[in-house]
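Hi,

Here is the structure I promised to pass on. Have a look at it first, and then read my notes below.

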Amino acid sequence: MSTPLSYTKLIVSSAATLFLLAGCSALPQASDPAPVKTADSEPALTLERLYQTSDFSAGGVPPTRWLADGSGYTTLELSDSGAGDDLVRYHPETQQRTVLITADQLRPTATEAPLAVADYSWSDDGQKLLIFTNTKRSWRTHTLGDYWVFDRASKRLQKLGGSADASTLQFAKFDPQGERVAYVMKNNIYVEDLATSRITQITKDGNDTIVNGTFDWVNEEEFFLRDGFRWSPDGQSIAYWQLDTEGTPLFTMINNTDTLYPTLKQFPYPKVGETNAAMRIGVIPANGGATTWMKVPGDPRQHYLVRMQWAGNSDQLLIQQLTRSQAVNVAFIADADNGSVREVIRETTESWADYVDDPKFINSGAAFTWLSERSGWRHLYRVQPDNGRVTAITRGNWDVIDVLQINEDQGWVYFIASPDTPLERYLFRASLDGSGKLERLTPNQPGTHSYQLSADAAYAVHTYSAVSQVPVVDMITLPDHRSIRVIKDNADVQANFDALEQAQFEFFQVTAQDGLALDGFLMKPADFDPAKQYPILFYVYGEPWGQTVSNSWGGERFMFHQYLTQQGYLVASIDNRGTRSPRGYEWRRSIYKQLGVVTVRDQNDALQEMLERWSFIDADRVGIWGHSGGGSQTLNALFRYPESFHVGMALAPVPDLTLYDTIYQERYSGLLPEDADSYRETSAITHAKNLQGDLLLVHGTADDNVHFQGSERLVNELIKHGKQFEFFAYPNRTHGIREGEGTTYHLRTMMVDFLAENL
């Protein structure tokens with residue numbers, strides 16, 4: 001809920017292909033084993049085929065990196081021997097393939113297997129490769145592992161960390177000169193000289209509560225703060241975050257399944273109203289010495305230092321600070337030598353202010369770029385750090401969705417937007433001079449487009465998908481958007497999908513009771529008969545970290561809904577106000593302190609208008625389901641509108657909002673104690689006594705994001721009021737409920753059986 005569903009970005013795959021929950025990712029690292037591919041092509045879809053084969057598993061491409069010198073992009077490809085991956089380069093225009101590093105060169109010894117490369121990065125000169133391997137989870141993501149460096153000139157492969165324990169290094173990165181690598185190990189920062197293998201520990205105070213160069217659970221999950229240090233441009237200094245988690249309450253989880261006796265896991269997790277970690281930012285010489293702490297004002301436990309970067313030079317930092325309520329975001333310029341700071345720009349709202357990812361300094365540091373919703377829409381601005389003057393770069397009644405590149409040499413900013421419809425995504429560029437010049441670069445190809453641009457923006461790895469179009473990845477030229485080569489076509493998956501008796505699919509709009517238009521989709525059985533009446537199942541997410549209605553490939557969830565239409569159900573989804581749709585500031589902020597109230601009111605309003613519009617919907621057979629934030633909205637729909645929604649399936653929900661973490665929940669629901677009444681009213685558990693329909697409640701007992709504790713409290717409340725329901729706990733599964741052989745197949749089968757019995 002960072003949502004309890006957070007978005008994970010893939011290198012080239014469209015984010016729309018991800019199966020996301022609320023503030024938390026629904027894509028855990030461990031999951032069902034890879035299914036075996038079958039060649040059958042049948043018009044009917046079965047759960048066995050969907051979950052026990054790879055027939056509908058669309059793939060992306062391995063980690064792809066553009067080389068800084070413009071000579072092409074690199075990727076991993078299976079070696080001819082079948083053992084390990086080669087690192088290959090493709091020329092951007094000719095697509096000539098060159099093997100830069102063979103899998104055999106990545107063998108630690110002649111008798112060992114090549115390194116399994118989880119991720120990699122190049123030194124600035126492209127002569128050294130930094131390899132991340134043998135990874136494991138720290139909190140919810142795989143940031144722990146081993147690091148190796150391969151020198152292309154000497155053909156030397158060396159492991160970093162000396163005699164460090166396996167999988168204990170984090171966030172290794174080259175200095176700007178490519179001569180040293182810095183990394184975090186056990187909450188301290190180290191610098192290793194590549195020529196001599198000499199290791200210097202530059203912070204010494206890291207321990208169980210003092211965290212240097214990385215973050216605690218809540219900052220990783222909700223602010224996506226993981227890598228907590230930055231090399232200065234001249235390589236002489238390192239700026240880093242330090243957290244003090246002393247005083248943050250520990251959450252305890254129990255593992256009953258893996259050993260003879262239960263084991264416990266504890267970690268700092270601040271629930272709503274509890275004590276946050278103290279945060280500060282310092283600068284330390286890269287060869288060791290004293291830290292200069294930045295003198296950012298305010299109680300470090302009542303503010304968040306959400307972003308930090310070097311300010312286009314090696315003398316200053318740009319630091320963004322949010323108040324605990326997150327209503328105010330202030331950007332400071334900090335002096336790296338003495339720690340003094342001065343305010344540059346302030347964003348103040350009556351709800352929450354968004355921080356800005358990766359502002360870029362331009363005009364030799366005379367300005368930096370900044371995203372703001374001050375006009376009522378998210379747009380890009382130019383800020384002068386000496387006087388705080390703000391100049392608009394983009395304008396209009398539409399949102400800049402994602403800034404991909406600021407190309408100062410060309411005078412363009414490249415970004416994703418969709419001015420005409422919130423359902424799609426396209427590439428645009430605008431002039432950095434503020435003249436308002438705007439160009440759409442994506443051709444007239446309705447759907448969702450994502451891009452990974454080369455440094456000169458002359459080429460891009462482009463991914464395209466639509467509702468019935470499996471993602472296709474190709475290399476294109478810009479600005480003409482000419483396709484050079486298809487990198488991944490997923491043709492087998494597309495053919496398997498095309499051979500099915502597909503559901504009839506349509507987008508539509510309905511209006512809420514106050515006249516606000518809401519986007520939705522409706523899926524009907526392939527043999528749909530408008531003279532009949534059908535049960536309908538709504539899929540809901542409904543919180544600020546997700547959008548369910550978009551013209552993009554929906555992956556597993558979309559195919560599951562296809563299966564349900566074969567069983568005679570209508571399937572629908574509505575994006576209520578407040579969801580991550582590019583519809584402006586008021587749309588997104590309208591749910592402040594109203595999660596679970598206005599969100600499900602919109603869902604009910606949509607249902608009522610659909611019943612008036614379409615006689616083929618059976619008003620007595622209406623179901624709803626969702627995961628994480630969607631599970632919470634499912635509970636609220638059942639409890640607040642029991643006459644409208646008759647069946648619900650809530651997966652990993654947050655029934656009591658006070659049980660979730662400070663950063664996410666306080667952002668959208670306010671602070672305690674002043675907003676205690678609001679928390680009580682907006683929590684589903686308060687209204688559990690109103691349950692009339694059939695409820696399936698599912699949770700993983702090892703969910704470190706949305707704790708199992710919440711569902712246990714809901715169970716007790718339902719029991720108190722004599723409400724019968726079905727409850728299933730998946731032992732030692734985390735928030736995505738995917739770990740363990742057969743888990744996803746089992747979960748979806750249970751859901752299908754529950755619907756067959758009750759809807």
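A quick word on terms before the notes: buried means under 20% relative accessible area, exposed means over 50%, and partly exposed is in between (1.4 Å probe, protein chains only). This is a predicted model, where local features need pLDDT of at least 70, side-chain atom pairs count only at pLDDT 80 or more, and totals for chains, interfaces and linings use all residues. Residues are numbered from 1 along each chain as its sequence is written, and side-chain values use heavy atoms, with hydrogens and water left out.

Let's begin with Glu726. Because its relative accessibility is 35%, Glu726 counts as partly exposed. You'll find Glu726 in strand 43 (residues 726-730); strands here are DSSP runs of E, at least two residues, and helices are runs of H or I, at least four, both numbered from the N terminus.

Next, Ser121. This one sits in strand 5 (residues 119-122), and with 27% relative accessibility Ser121 is partly exposed. Leaving out residues up to four places away in sequence, Ser121 touches Lys128, Leu129, Leu130 and Phe174, where contact means heavy atoms within 4.5 Å. Leu67 is 54 residues from Ser121 along the chain, and their C-alpha atoms are 9.8 Å apart.

Last, is Asp675 buried or exposed? Asp675 is buried, because its relative accessibility is 12%. Asp675 belongs to the loop between helix 8 (662-669) and helix 9 (676-682). Apart from neighbours within four places in sequence, Asp675 is in contact with Lys593, Ser669 and Gly670.

Cheers
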